[in-house]
Structure formats: structure tokens, C-alpha cells
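This report walks through selected features of one structure, part by part. Please keep the sequence and the 3D view at hand while reading.

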Amino acid sequence: MQAPVHHIVGYASIVRQRLLPIPGAVLARLNQKVNPNDVIAEASRGREHLLLNVAQALGVSPAAADRLIKCKAGDRLAANAEIAVGSGLFARRVLAPREGRVVLTGEGQVLMSVGETKIELRAGLSGTVIELIPNRGAVIQAVGALAQGVWGNGRIDTGAMVNLMEQPDSVLDAGRLDVSMRGMVILGGIVKDAETLKAAAEVAVRGLILSSLYPSLLPLAREMRYPIVLTEGFGPMPMNSAAYKLLSTNAKREVTVNAENRDRYSGSCPEVIIPLPVSAERQPPALRDVETFAPGIQVRMRRPPSAGMIGSITALKPGLTAFPSGLRAPAAEVKLENGETVIAPLINLEVIG
Amino acid sequence: MATSLIDGNSVLAVDVGAANTRAVLFDVVEGEYRFVASGSAPSTAQAPFKDVSEGVRNAIAHLQDILGRSLLDNSRDLILPSQADGSGVDGLAVTLSAGPTIKAALVGLLAEVSLESGRRLVESTYARIVETIGLNDRRKTEQQIDALLRAQPDLIVITGGTDGGAARSIQKLLEPIGLASFIMPAEKMPAILFAGNAKLAEEVKSLLGGFASLLHISPNVRPSLETEDIEPASRELARMVVEVRKRQMQGVDTLQAWSGGHTFPTAYAAGRMVRFLSKVYSADKGILSVDLGTSAAIIAAGFKHTSTLNVYPQFGLGENLPALLNYASLEEILRWSPLDISEGALRDYLYQKSLYPASIAATQEDLALSQAVARQALYLAMQFAQRDFPRQARRIKPSLLPLFEPILAGGGALSDASRPGHGLLLLLDALQPAGVTTVILDQNNLLPLLGAAAEQNNILPIQVLESGAFLSAGTVIAPVVSASFGVPILRAVLTYENGTEARADLKYGTIETLPLSSGETGRLKLQLLHGADVGFGAGRFPKGGIQVTGGALGLVFDGRGRPLELPSDPVRRRELIKKWLWTLGGG
């Protein structure tokens with residue numbers, strides 16, 4: 001049976017596509033070396049629109065108004081710029097109510113986009129641009145360590161990582177955060193209260209890498225301006241040993257916390273990338289997204305019992321196996337890192353690699 | 001030996017679910033169509049696979065292993081038609097429920113007329129209404145444009161106006177749709193379905209045709225003020241949903257090509273089958289089908305002159321699970337659990353399970369949680385769907401579920417019920433049927449596949465349905481009565497075909513069973529006490545009794561009252577739930 005792979009790897013070639021949500025201009029060049037905070041593409045989007053009924057304002061037919069409209073789609077207009085002028089001695093004028101861009105004209109109307117904001121797409125990782133995607137973004141290749149998470153709050157940032165975890169089930173509380181951590185990415189554990197998230201914002205951290213978060217804190221976590229990545233999920237869940245080992249041994253390094261929302265269909269998922277120099281002896285291996293369950297493969301348990309624990313498949317069970325719940329499913333025997341051996345449904349396992 | 005009335009074409013039916021893909025073979029055995037075997041594999045709509053056809057190939061490969069017969073060629077393409085060496089199949093039908101919930105904007109005139117019909121239309125598929133624009137909308141056109149841009153609908157459904165009626169109000173509503181669609185990036189342009197005043201169809205085409213990824217025109221859902229006719233628009237919407245899925249997921253086009261266009265949303269295919277059954281079999285009761293899966297809860301009901309189909313992605317047991325808390329408290333969900341589980345553990349479960357929708361319960365506690373959640377989700381879906389049931393449908397009390405015969409139940413949640421007793425109690429708790437009804441568990445989830453296969457072969461569904469491919473859980477007798485716990489409410493005598501008798505006394509608040517195997521029939525006589533009503537009037541039952549059919553659990557007498565009220569004391573409640581489960585052999 002094919003198995004999805006959850007990446008927790010110490011050294012690999014990481015290829016990521018970065019795309020604007022709407023068409024825009026790509027600023028990056030092919031083969032350009034980029035840093036995480038480099039803007040590689042940008043676009044502008046109007047926060048709102050104005051529909052100006054020129055025909056009505058001038059008291060003319062839509063066709064006549066179309067002849068009087070002076071602007072065209074794409075024009076940028078300053079506030080009070082003249083859009084159309086009627087005829088006669090006391091001709092009425094239609095002015096742009098606000099600064100903006102003309103989206104469309106016709107039928108005696110002008111549609112303007114106003115309150116435009118610039119969307120900047122950052123590289124998100126240190127690497128090389130290996131492909132440009134016209135009007136949308138680029139593909140970047142990096143070399144380093146990678147730890148994927150299961151939930152992110154949609155932000156991205158980079159900073160030196162400080163380890164505040166003594167063990168995989170450490171709890172991060174507000175008291176442990178102080179001004180010395182300003183601009184740092186914090187490797188925390190379980191967060192149980194809102195004060196911790198607020199304290200991290202006050203300290204101005206560049207990111208939180210947590211094992212888990214209480215579900216009641218999700219609305220607040222989504223509001224935080226810094227990225228938050230959860231490696232395990234929700235409730236009091238310790239960090240899996242592979243992620244804990246990888247992240248804690250890379251403390252003090254510069255890391256990118258890309259807490260992008262998980263999208264099962266596109267495959268985007270929150271992750272922590274630690275750039276590393278290319279080793280002269282070893283070319284970085286490419287990441288494999290699909291594996292086949294087999295003895296010897298390292299897996300993580302997704303559901304109870306032993307949820308979050310890492311182990312190795314020792315045998316694949318033939319046919320269907322009955323579980324204490326009464327359900328029957330294809331299964332594997334897994335030797336967990338604590339020495340215990342359990343039988344788990346294959347569908348509840350993911351390959352670590 | 002029966003004479004075959006059919007030309008013997010084998011039909012492969014494939015269901016692509018959010019979690020699992022199943023391939024089912026129907027073929028002619030001794031002159032009649034039968035369900036032959038089923039193979040399954042995890043669905044591959046999502047990353048890293050991102051191609052639904054991969055999961056379909058895997059499921060077919062599993063099926064061919066079971067059959068010992070080749071269905072795929074060396075390039076893993078389906079062998080169509082069947083070959084002289086026995087390989088391949090003659091036809092393929094596909095149902096599809098995988099894919100993200102479709103975001104729909106609803107545009108219409110009056111809230112209680114065309115917008116209400118539009119709501120019913122949108123609810124007939126895997127969509128969630130994210131924006132509504134109506135005649136009484138006080139927002140300016142530009143605000144409506146911005147609202148549409150923020151909502152980014154995949155689909156816009158326009159209703160409104162009676163055929164031949166006024167057109168200006170609808171014309172005005174087309175403006176924000178056209179302008180918003182114009183502004184959207186090409187790949188995000190919505191699909192548009194116009195199901196309003198037929199007179200406007202050409203105008204809609206010329207105004208919106210250039211700004212829609214797909215524009216379909218269907219007959220008006222409200223041809224006149226008094227008439228609502230959702231079905232033709234629902235059929236059109238089903239076609240559009242497949243097209244939308246083609247844009248969203250790779251591999252759907254391959255399935256479309258293999259099936260010769262016989263690809264349908266799963267819910268639509270199930271609804272179609274229920275509609276068909278209600279026309280063929282329905283007497284004075286309705287036919288109900290419920291399906292609780294990862295992507296949605298689906299309620300399809302057929303009555304004598306009408307049918308309803310409601311799809312609720314918000315009650316699906318997959319990635320939408322945390323949204324259940326918008327409709328129910330943790331306490332309300334936990335009332336169904338036979339185990340003492342904390343609210344915190346349930347909340348963590350809902351969020352964690354949403355990360356891994358395809359995962360299954362391996363422990364007893366995990367199963368208790370998943371079954372409690374499934375009960376609440378199905379209960380809510382049923383409450384919502386009941387709004388659309390016809391008022392004139394027969395009921396014992398106006399506030400209760402109409403009388404149904406039979407109730408068909410399928411979907412992942414019921415497959416997850418490890419024993420038929422678990423599945424049946426889940427249904428009794430969530431649906432709370434009243435009166436006498438047969439409950440059929442569609443353990444292979446065949447109903448939608450039969451609905452899809454019916455497009456190619458209309459004999460197949462009837463023959464498969466009558467072949468015993470579905471598991472009858474039994475006949476349920478659920479009296480409506482007002483009594484105190486422990487008071488006798490019903491005395492039953494079941495006479496078997498061989499003349500022997502079995503008796504049961506039912507007390508209020510309990511469940512009792514009498515054995516009656518699948519395929520067996522018996523004559524049931526009831527003495528109803530305290531004005532108990534099982535659909536024949538208070539305290540009344542036909543003198544000569546009624547014929548009942550057996551099932552995995554025989555006859556099940558549910559004396560817990562309607563509506564079901566669970567004890568408020570949690571310890572007593574859990575004990576009772578365990579007892580009920582034990583009675584139904586699911587303990």
C-alpha cells in the first residue's frame with residue numbers, strides 16, 4: 001500500500017513553488033540566489049470597488065456617456081481626476097471620488113478599484129530560483145533540514161531559533177519569554193493559554209514552533225502576526241522524537257518558519273526549513289512524497305493508541321486485522337521507540353522521511 | 001433456470017470518496033444482475049498523488065485480485081469493452097464525492113421564494129453558500145461586487161422570476177455577478193447556473209457567458225409562484241459539479257472518458273436512486289436514505305409525489321469536523337457516548353481527526369468518540385433535512401420524522417460501526433424513526449453506484465436491489481407513547497413461518513429484540529398499552545397482525561419514546577447506552 005510521507009529530514013534538496021494569489025509581476029530572475037525575506041513577485045489588489053454611473057450623473061444615455069468618458073481600463077486616477085464632462089454651458093462633471101485604478105468602462109459606467117494594497121510574495125527560503133512562473137511566482141530550490149508540521153497560521157518569517165524545550169512534552173508559558181528573544185524563532189512545546197501567545201507577540205518573536213496547541217486558542221493563534229507551526233496537532237501532545245531531535249539540535253541556526261495553511265489538494269503544508277551548506281561529500285537527496293509500507297520503514301502514529309509516536313514497521317499483517325474497536329483493516333506491526341510493539345491500521349500511519 | 005432478459009453486459013461502478021475509492025462489479029449471474037465483488041483503495045485526490053484516477057486504478061487492481069480476472073491492461077487503463085478471454089468490463093459508471101466543499105453564491109429575488117428554492121438546489125450537492133444576494137439586499141452594487149470577490153465562489157446559482165414574469169429585477173442582479181466575475185483571475189472565474197425566468201436565458205448567456213468558467217442554463221426552479229421544480233436544475237447542477245471537479249482535480253477527465261460521461265456526484269446518484277425507488281415501491285410511507293461519510297452527510301427522501309436531497313458538508317466527518325461545534329455543544333455530542341470522556345478530549349478529537357480524515361478508530365475510546373460524533377452529525381443533518389420534507393407526509397405526530405419504509409443507511413461512519421448493532425443503534429439515536437420500518441445497512445455503499453449505473457442499464461439496479469446485496473438490520477418497531485421509565489408499553493407475539501411463536505414485552509425506556517433471520521418472514525401481533533402508537537393510531541394495530549421481515553438483528557422494539565430523551569444523569573445515561581448496545585449485540 002502506498003503511504004504519504006511526512007518530511008522530517010536532516011539534509012535534503014527542498015524544492016518549493018511560491019505563487020501569488022492573483023496575477024502580478026515576477027521580480028525574481030532565473031538562477032538568482034534568494035534569501036527568505038526577498039520579494040520575488042508582487043501584485044496589487046484593490047480592497048474595494050466603486051461603480052460610477054456616469055450616464056446618470058450627466059443625465060445622458062449610456063451610449064452618450066461612453067463617448068464622454070475620458071478614462072480607459074488600466075488608467076490610474078488621482079482623487080478628483082476628471083472622468084467625464086457633460087456638454088452645455090454649465091456642463092456637469094464626474095470626478096474620481098478617490099484615488100484608484102480604472103477596471104472597466106462601458107454602458108455609461110466606470111468601475112474603479114480603490115484602496116489598492118500591494119501583495120508581496122517572499123521567497124520563504126534561502127535558495128536558488130530554478131523556474132519562473134509567468135505572472136505568478138517562481139520555483140526555488142534550497143538545501144537544508146526540513147520539519148513539516150500539521151497546522152500553520154498562514155504567516156511566514158525567518159530568524160535564529162532558540163530552544164526552550166527541555167524535553168518533547170515541555171510546556172511553553174508566558175514566563176519563559178523575555179525581551180532577549182526579540183526577533184528570534186522560539187522552539188516551544190505545548191501551549192495551553194492565551195497569555196503565552198500574547199507574550200510572544202509583545203516580545204516580537206519571529207515565530208513559534210510548537211508541538212501542540214489547545215484548540216480553544218486557534219482563533220487567537222490565527223490573529224498573531226508571527227508564524228506558528230504545530231508539529232503534532234491539538235491538545236496536550238508532545239513533539240514527536242524525530243522532529244524534536246532535528247529541531248533541538250539545530251538551535252541557534254537561522255530557520256524559516258513557513259506557517260502556510262495546510263491544503264490537502266495542493267499539498268502545501270506548514271514547515272520549518274533550516275538552510276545548510278551543500279556537503280562536498282554528499283549531494284542532498286531529493287524528497288520523496290510517496291513511499292510503500294514495508295518492514296524497516298520509519299512511521300508515525302496518527303491516531304491512538306500511541307498517537308504521535310515514531311516507530312519502525314517490523315511486519316505487514318496479511319489480510320485484515322481486527323482492532324479493539326472492533327474494526328478490521330489492513331495493518332502493520334510497529335515497534336515503537338519506547339520498545340513497545342503495537343499493531344496499527346496502515347491508514348493511521350504516515351512514513352517519516 | 002431464469003431466462004435472461006438482458007444482454008449480459010458487465011458494469012463496473014466506481015465511487016471516488018474523500019477517504020476511500022471503491023470499485024464494484026455488477027455482472028449477470030444465472031440470468032440476473034448481481035453484485036459480484038468490491039475492491040477498495042485510499043483515494044488519491046489529495047497531495048501527494050493529486051490524481052483521482054490513481055486511486056481508481058488501485059481500487060480496480062484490488063478488485064481484479066479478488067476476482068482473479070483482468071480489468072486493467074498493462075498500461076493500467078481500463079479494458080473496455082470486455083474481451084473474449086473474460087478480461088475487462090462492458091461499461092463504467094462513476095460517482096464522485098471527493099473534492100473540497102464547493103463555495104456557492106446564491107442570487108435570487110425574494111428570500112422565501114426563489115432564494116429558498118435556490119438554497120434547496122445548492123443543498124442538493126457538495127456546496128456551502130458563502131454569499132447571498134437578493135432583491136431586499138440593501139448593499140450598493142459595488143459592495144455586492146466586493147462581497148463576491150471576498151467570497152471567491154466556485155459556483156454562482158441564479159434563481160428568480162417566474163417564467164414569463166417580470167425580468168428587470170433579475171437583470172439588475174446580473175450586474176454585480178458579471179462585474180465581479182470580470183475582475184476575478186481567469187482561473188478563479190466561477191461556474192454559473194441560471195435557473196430563473198426562462199425568458200432571460202439568452203440575455204444571461206450574452207451578459208455572463210464571457211465571464212464564467214462554465215455557464216449552464218436550466219429550467220426555472222420556480223416556473224410559477226406556487227410551483228417549485230428543483231429536479232431539472234439539480235440534474236444540471238450535478239453535471240456542473242463534475243465539470244468543477246475536473247478543474248479542481250486531475251484524473252476526473254480520465255474517468256469521464258472511461259465512463260462515456262456517466263460520472264455523477266455521489267449524492268446526486270443516491271438521490272436519483274431514492275427517487276426511483278419511491279416511484280416504484282412507495283406506498284403511503286416515504287423512502288429514506290442516509291449516508292454519513294467524510295465529505296458530507298447526505299439525506300435523500302422519496303415520497304409519493306416528491307423527493308428531497310440534502311447534502312451537508314458541514315456535517316461530514318472529515319476536515320469539516322470542528323465546524324460541528326458551530327451547531328452543537330461538546331455536551332450535546334458527549335451525551336451519546338457510552339464511555340466517560342471529558343469535553344477536552346472530545347474537542348481535541350474533533351480537531352485532530354480533521355487533520356487525518358481517513359484515519360480510523362483503533363481503540364474502544366476512539367470508537368466511542370467517533371460514534372458519538374457521528375450520531376450528533378447525523379441527528380443535525382436529519383433535523384435540517386426535515387425542513388424540506390412535504391408537510392402532508394404521514395407522521396405519527398407533526399414534530400416527528402415522517403413514516404418511512406425502508407430506511408437505507410450507508411457511508412463511512414456506518415461502515416465504521418463494527419457490528420450491525422452499533423450501526424442500528426446509531427441510526428435509531430440519530431434519526432429516531434417512529435412506527436414500523438425496515439432498516440437496511442448498505443455496507444458496500446451500493447446505492448449511489450446503482451443510481452449511476454442506472455443511466456446505462458435500468459434493469460441492473462432493480463435486480464441487484466432484489467438480490468440481497470444489502471444487509472437488512474431488521475424491522476424496527478418504535479412506538480410513540482407517553483409513559484414513565486419501566487412501564488410496559490407493548491406486548492408482541494411473533495409467529496414464525498413454521499408456526500412457532502416468540503413473545504416480547506417492551507417497557508418504556510428499553511430496547512428488546514426477537515430473533516427473525518434475514519430472508520425469513522413472520523406475522524407480528526402487537527398489544528399496545530398506554531395509547532402507544534406505531535402508525536395505526538393510538539393503541540391500535542391490525543387485528544390479524546402484519547407481516548414482518550427479518551434481518552441481522554431480527555425484530556427490534558425501541559421503547560425509548562419519541563423524541564428520544566436521554567437521562568440527564570451522565571452515569572445512568574452511560575449505563576443505559578451500554579445496555580442498549582448490549583441488547584443489540586454491539587456491546
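## An open sheet in chain A

In chain A, five strands make up an open sheet whose order is S3-S5-S10-S9-S6, with antiparallel pairing; strands are DSSP runs of E with at least two residues, helices are runs of H or I with at least four residues, and both are numbered from the N terminus. Two strands are taken to pair if DSSP finds at least two bridges between them. Strand S3 (25-26) and strand S6 (76-77) of chain A are the edge strands, each pairing on one side only. S3(A) and S5(A) are joined in the antiparallel sense over two bridges, and Ala25(A) lies opposite Glu42(A) of S5(A).

The model is predicted, and local features need pLDDT of at least 70, side-chain atom pairs count only at pLDDT 80 or more, while totals for chains, interfaces and linings use all residues. Residues are numbered from 1 along each chain as its sequence is written, and chains are lettered from A and ligands numbered from 1 in the order in which they are written.

## Where chain A meets chain B

The contact between the chains draws on 35 residues from chain A and 34 residues from chain B, two residues being in contact if their C-beta atoms, placed from the backbone, lie within 7 Å. On the side of chain A that touches chain B, at least two residues each come from strand S5 (39-53), strand S9 (100-106), strand S19 (228-234) and strand S28 (341-345) of chain A. S5(A) gives the largest share of that side, four residues.

Sorted by class, this side of chain A holds 22 nonpolar, eight polar and five charged residues. Here Ala, Val, Leu, Ile, Met, Phe, Trp, Tyr, Cys and Pro count as nonpolar, Asp, Glu, Lys and Arg as charged, and the others, Gly among them, as polar.

## A helix with one buried side

Helix H3 (residues 194-203) of chain A has Thr196(A), Leu197(A) and Ala200(A) buried, where buried means that 20 or more other C-beta atoms lie within 10 Å of the residue's own, with C-beta atoms placed from the backbone. These residues are on the same side of H3(A) because they cover an arc of only 100° around the axis, the arc being that of the directions from the helix axis to the C-beta atoms. The cover over the buried residues of H3(A) includes strand S16 (184-187), strand S18 (207-213) and helix H4 (218-223) of chain A. Just after H3(A), Ala204(A) adopts a positive phi of about 65°.

## A covered strand in chain B

Strand S7 (residues 155-158) of chain B is covered on both faces, with Leu155(B) and Val157(B) buried on one side and Ile156(B) and Ile158(B) buried on the other. S7(B) pairs in the parallel sense with strand S5 (residues 102-107) of chain B over four bridges, and Ala105(B) stands opposite Ile156(B). Four bridges also join S7(B) to strand S8 (residues 191-194) of chain B, again running parallel, and in S8(B) the bridge partner of Leu155(B) is Ala191(B).

## Domains of chain B

Chain B is divided into domain 1 (11-96), domain 2 (102-248) and domain 3 (267-583), with bounds that come from an automatic or database domain assignment.

Conventions: Buried ≥ 20, exposed ≤ 12 C-beta atoms within 10 Å, placed from the backbone.
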